Amino acid sequence: MVHINHKYLLSIIIPIYNIKEYIKSCIESAALLDSNLYEIVLIDDGSTDGVEKLIDSISLDYNNIKVLHQKNQGLSGARNSGLNLSQGKYIWFVDGDDYVDSINLNKAIEFLKNNNSDIVTFDMALGADRNSNYRSISKCCLIPERNYSAEESFRSGFIPTSACSAFYKKEFIDNFNLRFNICAYREDVEFTGRAFLLASKICYLPLLLYYYYEREGSITKNESIENRQKLIRAEVTIADSFNKFLSEYSSDYPYISKIMKERINLIVMNMMISLFHDKYLDYDFSKHILIDCKRKKLYPLNLRINQISFKRKIMWLFANFESLYFLLIKISRKKQ
């Protein structure tokens, strides 16, 4: 058990890479009145657009901003560096091209003063640009301000995918040595998938705190074949990480076995559906991906899961007929 002497109530970790246009508004949105309660940890991940000088200048105006300049390690590496530097009871990951609701953040700070949950989740909104109307992307079905176990949370249908959608207790993160997988693309899904299953207490705070800005050129909007392939490979990486996580923790946490086996199957099944329907992903690539899944023991799909519906079990059974699956892909590609 790791016990930490907290200097702050909250550490806001902001990874930065060539986002000079956005970073100032992000920092200013997170700047509260009482700087004794929180710190902002800025991780410059090898930027070259001048933002590295800008954040040094901005930090001079605040006594609670730390700046670290490092060689490029990607988003995961930057967040991990921020975790190592942070001194808050709670951690919040904020991306430097997004921004936060300052008024609601003040309210959240007050809530955290008397809270001891491992994870406190809240509402988020998505916008295509800074001038558009943001729409809520939160679908939290938990009763506000009540503590849930990990199993209760997942069984209620709450499956978070963004690391920015919650405050994480630093002691909880360090006790389980939770860090971002540097090899994983879509690292948020991989991190939250582990963190939310290990938490003893998960609480929902009904406040809109985070505004996510989906920029042009982001991986989720890039339709190139290369990026389509990256997203598919990311699914394999995430499923493989979950499989290793399952092996490590299932004996001590029985509920993890039930939930994680189902999630792994869903990831692989959805990936197979994407491979089947995406005409730009050729047959050889699809074959290679499934061979990789077999090598990592992610395929064939596990049908010994009691919680899944009969309809889903039939779909998974069909997907396990590998030769038929690839025959249909061949036919599909010829028609296209």
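Which strands and helices are included in what covers the buried residues of H3? In this predicted model, the cover of those residues includes strands E1 (8-16), E2 (38-45), E3 (65-70) and E4 (88-93), together with helices H6 (170-175) and H7 (187-198). The buried residues of H3 itself are Ser76, Gly77, Ala78, Arg79, Asn80, Ser81, Gly82 and Leu83. Helix H3 spans residues 74-85, and its 12 residues reach 17 Å from the first C-alpha to the last, close to the 16 Å expected at 1.5 Å a residue.

These elements belong to a protein with 12 helices and 10 strands. Of its 336 residues, 53% are buried. Among contacts with a separation of 6 or more, 80% are accounted for by residues 24 or more positions apart.

Helix H7, one of the elements covering the buried residues of H3, also has 12 residues and reaches 17 Å between its first and last C-alpha, close to the expected 16 Å. H7 is mostly covered, with 12 of its 12 residues buried. The buried residues of H7 include the charged residues Glu187, Asp188, Glu190 and Arg194, as well as Val189, Phe191, Phe196, Leu197 and Leu198.

Two residues of H7, Asp188 and Thr192, are buried and are touched by Ser162. Ser162 lies in the loop between helix H5 (150-155) and strand E9 (166-169). Because its relative accessibility is 17%, under the 20% cut-off, Ser162 counts as buried. Not counting residues up to four places away in sequence, Ser162 also touches Met124 and Tyr168. Within the local sequence, a polar atom of the Ser162 side chain lies 3.1 Å from the backbone nitrogen of Cys164.

Two or more lining residues are given by each of H5, helix H8 (225-249) and helix H9 (254-277). H9 supplies the largest share of the lining, six residues. By residue class, the lining of the second largest pocket divides into seven nonpolar, two polar and five charged residues.

Technical notes:
Residues are numbered from 1 along each chain as its sequence is written. This is a predicted model: local features need pLDDT of at least 70, side-chain atom pairs count only at pLDDT 80 or more; totals for chains, interfaces and linings use all residues. Side-chain values use heavy atoms; hydrogens and water are left out. Helices (H or I, at least four residues) and strands (E, at least two) are DSSP runs, numbered from the N terminus. Buried means under 20% relative accessible area, exposed over 50%, partly exposed in between (1.4 Å probe, protein chains only). A polar contact is a pair of N or O atoms within 3.5 Å; within protein, one must be able to donate a hydrogen and the other to accept it, and residues adjacent in sequence count only if both atoms are side-chain atoms. Contact means heavy atoms within 4.5 Å. The expected span of a helix is 1.5 Å times one less than its number of residues.
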